[in-house]
Amino acid sequence: MTSPEITEAMIFECFAAAQQNDDMDKTAASFVDVEEYENQIMYPEFARWAEQAGYPELASLFRKVAGEEKLHAVWLRELYQEMGQPPRGEDTQRAIDALETIRANCDALIKMNPEGVVEKALAVAISVEEREYRDIYPRFRDQAIAEQNTRAAEVYQRVVDSEREHANWFRKALEEFQANMATPVPA
Ligand SMILES: [Fe+2]
Ligand SMILES: [Fe+2]
């Protein structure tokens, strides 16, 4: 029997990047689509893996971050009250498909190597948050500034600060997780 293999690169496929558009309303719609995907699908799935692997505290952390991704969408929706449900972006649909593929093998892999799955999910979460706070959302903020949309720029800046905090939480969690793995269990 071949054992299922899930790599960090495969999990990173579950990240959907919000797409900047010349039309700021479309940038905003893509932002909300991605943040709601993280809230409803991606981080709850990471939480499920952590729970199954026997790490309820990490599951709580993933759920806490999921809740904040919801808030990010709410902050922007307050500025774009006519938005409704944004169309599912191509990249978000691709990420959902990637997650489905992983899910098919994940439960078996968690039984065989629970630490490996949780460690990779944390590493991916760090990369996801880093891309958002270092690259993607600062560009959205700068687009809003260029269009003199101060309120939108303020929201994107708040999001940048929040994603940076998420990256810090996940870095700390990964460090503690790896330190505990390195410590021999007392007899
Ligand atoms: Fe977010
Ligand atoms: Fe985040």
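Which residue takes a positive phi just after H5? It is Gln-148, with a phi of about 55 degrees, and this value is positive in a residue other than glycine. The structure is a predicted model, in which local features need pLDDT of at least 70, side-chain atom pairs count only at pLDDT 80 or more, and totals for chains, interfaces and linings use all residues. Residues are numbered from 1 along each chain as its sequence is written, while chains are lettered from A and ligands numbered from 1 in the order in which they are written.

The pLDDT, the predictor's confidence in each residue on a scale from 0 to 100, averages 92 over the protein chain, and 96% of the residues score at least 70. Helices here are DSSP runs (H or I, at least four residues), numbered from the N terminus.

The expected span is 1.5 Å times one less than the number of residues. H5 bends by about 45 degrees at Glu-132, where the bend is the angle between axes fitted to the seven residues ending there and the seven starting there. Beyond this helix, Gln-148 sits in the loop between H5 and helix H6 (150-182). Gln-148 counts as exposed because it has 8 C-beta neighbours inside 10 Å. With C-beta atoms placed from the backbone, a residue is buried if 20 or more other C-beta atoms lie within 10 Å of its own, exposed if 12 or fewer, and partly exposed in between.

Helix H4 also carries a kink of about 45 degrees, centred on Cys-106. Its 23 residues should span 33 Å at 1.5 Å a residue, and the end C-alpha atoms are 33 Å apart, which agrees. Thr-92, Ala-95, Leu-99, Cys-106 and Ile-110 of H4 are buried, and their cover includes helix H2 (24-53) and H5. Ile-96, also found in H4, counts as partly exposed because it has 15 C-beta neighbours inside 10 Å. Between Ile-96 and Glu-176, 80 residues apart in sequence, the C-alpha to C-alpha distance is 29 Å.

How do helices pack in this model? Two packed helices are described by the angle between their axes and the distance between the axes. For H2 and H4 the angle is about 5 degrees and the axes are 11 Å apart; axes are lines fitted to C-alpha atoms, for helices over the stretch in contact, and angles run from 0 to 180 degrees between N-to-C directions. H2 and H4 are therefore roughly parallel to each other, a label for angles under 35 degrees. Residues making the contact include Tyr-37, Ile-41 and Trp-49 of H2 and Ala-95, Ile-96 and Leu-99 of H4. Two residues are in contact if their C-beta atoms, placed from the backbone, lie within 7 Å.

Helix H3 has 24 residues and reaches 36 Å from its first C-alpha to its last, close to the 34 Å expected at 1.5 Å a residue. Its buried residues include Leu-58, Phe-62, Val-65, His-72 and Leu-76, and what covers the buried residues of H3 includes H2, H5 and H6. Leu-76 and Met-10 are 66 residues apart along the chain, with their C-alpha atoms separated by 30 Å. Met-10 belongs to helix H1 (residues 8-12) and, with 16 C-beta neighbours inside 10 Å, counts as partly exposed.

Note on methods. Helix = DSSP H or I, 4+ residues; strand = E, 2+ residues; numbered from the N terminus. Parallel < 35°, antiparallel > 145°, perpendicular 65-115°, else oblique.
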